[in-house]
Amino acid sequence: MPEIKNTVTYSDSGVNYDKLDSFKRMAQGAASETSSLMTIPGFRVVEGSRGEPSFIWEEPDSYRSIVVEGLGTKNLVADAIREESGKTYYDVIAQDTVATIINDLITSGATPLVISMYVAAGNSEWFVDKDLAKDLLVNGWKKACFEAGVVWGGGESPSLKGIIVDGASDIGGAGVGIIKPKERLALGDKIKVGDNIVLIESNGIHANGLTWARDIAAANRRGYKAELSSGMTFGKALLKPTYIYANLQKQLYESGVDIHYMVNITGHGWRKLMRANYDFTYFMYTVPPVPEEMEFIQKERRASNAAMYDTFNMGAGFAFIVDSKESDSVQSIAKELGYESWNAGVVKEGPKQVIIEPKGITYSRDTLSLR
């Protein structure tokens, strides 16, 4: 088995966010030069949305939001344990993909409207696996659409021999939402000193950091069968479905909560808490319990706390930034919907940074370069 060296960063697994983000910044610069092409009267590009999870444009009575997202490599875990488990787990894979799209979409204040699916495979035979197709399309994607309250509008399913390995697939999609009334637009300009940061629990690893997890499974003698502290295997723990937070966001709005900003804690981990393009210090005084699969990853990888919190959600899948008077309402509604939550931090005056006080971690602004 390959030997795991004493690494402390996710880039050692081949996923280097600095390099990926450099490409994204170049794309944003080129894309901004096309904004003048939106010439319909009453329509305009919201330039401040570039670098946010979704792109936004204004219409006469609303804003619209669009997201394109991909699952990543979590489906390779499902493929690896299918034979031993007798399950495809592609119902989970479908929910994870819908969640990556919808959870980004709602951060803008949007209500999801339409979602499309993209599934590419290395050969046409992949598409005739009836058990997999039923789990992916019916038990997974359709069910997740009902959970998110979004219409499934179509998609694309190419066979890409020579690009994708035979037997493997690449899964993603796109979603469009509406921000109405316009006051719901959440791009960070509402954030103020004294706001509370309420964290909502994750359901484990969600769909980020799976490349690291797969490396660990390849190096561990038991692979995905390695048992965690609860007795659950590592593979099954990795395949817990990602939560979709759309209904929570909806219930908060309907209850009159004025959400100042929202963060989907995915790639870049807790650094995402400072994603808004404004200078504040996000001081976190509470951290949730860490899911056991992440504890296992940290132990096996001998990774530092800083490396873990800048890559994984570490138990917090989503964050709402609200006035301190409304944090109790957020937690109460979250509890009604079955989510555990923590009034975990406060927005302070100071340089743009995230301070995780219980772990002694500080992420400065130069650790997150999404614009």
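Let's start at Gly155, which counts as exposed because its relative accessibility is 56%, and exposed means over 50%. This glycine belongs to strand β5, residues 151-156. Please keep in mind as you look around that the model is predicted.

- Setting aside residues up to four places away in sequence, Gly155 touches Ser116 and Met117.
- Between Gly155 and Tyr282 there are 39 Å in space, C-alpha to C-alpha, and the two are 127 residues apart in sequence.
- Is Ser62 buried or exposed? Ser62 is buried, since its relative accessible area is 0% and buried means under 20%.
- Ser62 sits in strand β3, and its contacts, apart from neighbours within four places in sequence, are Ile178, Ile179, Lys180 and Lys182.

- The partner of β5 is strand β4 (residues 111-121), and the two run parallel, with 5 bridges between them.
- Within this pairing, Val114 has Val151 in β5 as its bridge partner.

- Strand β12 (residues 353-356) runs antiparallel to β13, and 4 bridges join the two.
- Which residue of β13 stands opposite Gln353? That residue is Ser364.
- The hairpin has 4 residues between its strands, and Gly360 takes a positive phi near 65° there.
- In a regular strand, side chains alternate between the two faces of the sheet.
- Strand β13 (residues 361-364) has Ile361 and Tyr363 on its covered face, while Thr362 and Ser364 are on the uncovered one.

**The largest pocket**

- The largest pocket has a volume of about 1200 Å³.
- Its lining is made up of 44 residues, and those closest to the centre are Lys24, Val68, Glu69, Asp104 and Arg275.
- Two or more lining residues come from each of α1 (17-32), β3 (62-70), α3 (90-105) and α5 (210-219).
- Which element gives the largest share of this lining? Helix α1 does, with 8 residues.
- Sorted by class, the pocket lining holds 17 nonpolar, 19 polar and 8 charged residues.

**The cavity**

- There is 1 cavity of 30 Å³ or more in the structure, and the space in the largest cavity is about 40 Å³.
- Around the largest cavity you will find Pro53, Asp104, Met262, Val263, Asn264, Lys272 and Arg275.
- Strand β8 (residues 259-264) gives the most to this lining, with 3 residues.
- The cavity lining divides by class into 3 nonpolar, 1 polar and 3 charged residues.

Terms used: Residues numbered from 1 in each chain as written. Predicted model: local features only at pLDDT ≥ 70, side-chain atom pairs only at ≥ 80, totals over all residues. Heavy atoms only, no water. Buried < 20%, exposed > 50% of the residue type's maximum accessible area, 1.4 Å probe, protein only. Contact = heavy atoms within 4.5 Å. 1 Å grid on protein atoms, 1.4 Å probe; cavity = no way out; pocket = protein on both sides within 12 Å on 5 of 7 lines; lining within 4 Å. Points joined across faces, edges and corners; volume = space filled by probe spheres on them. Nonpolar A, V, L, I, M, F, W, Y, C, P; charged D, E, K, R; others polar. Pairing = 2+ DSSP bridges.
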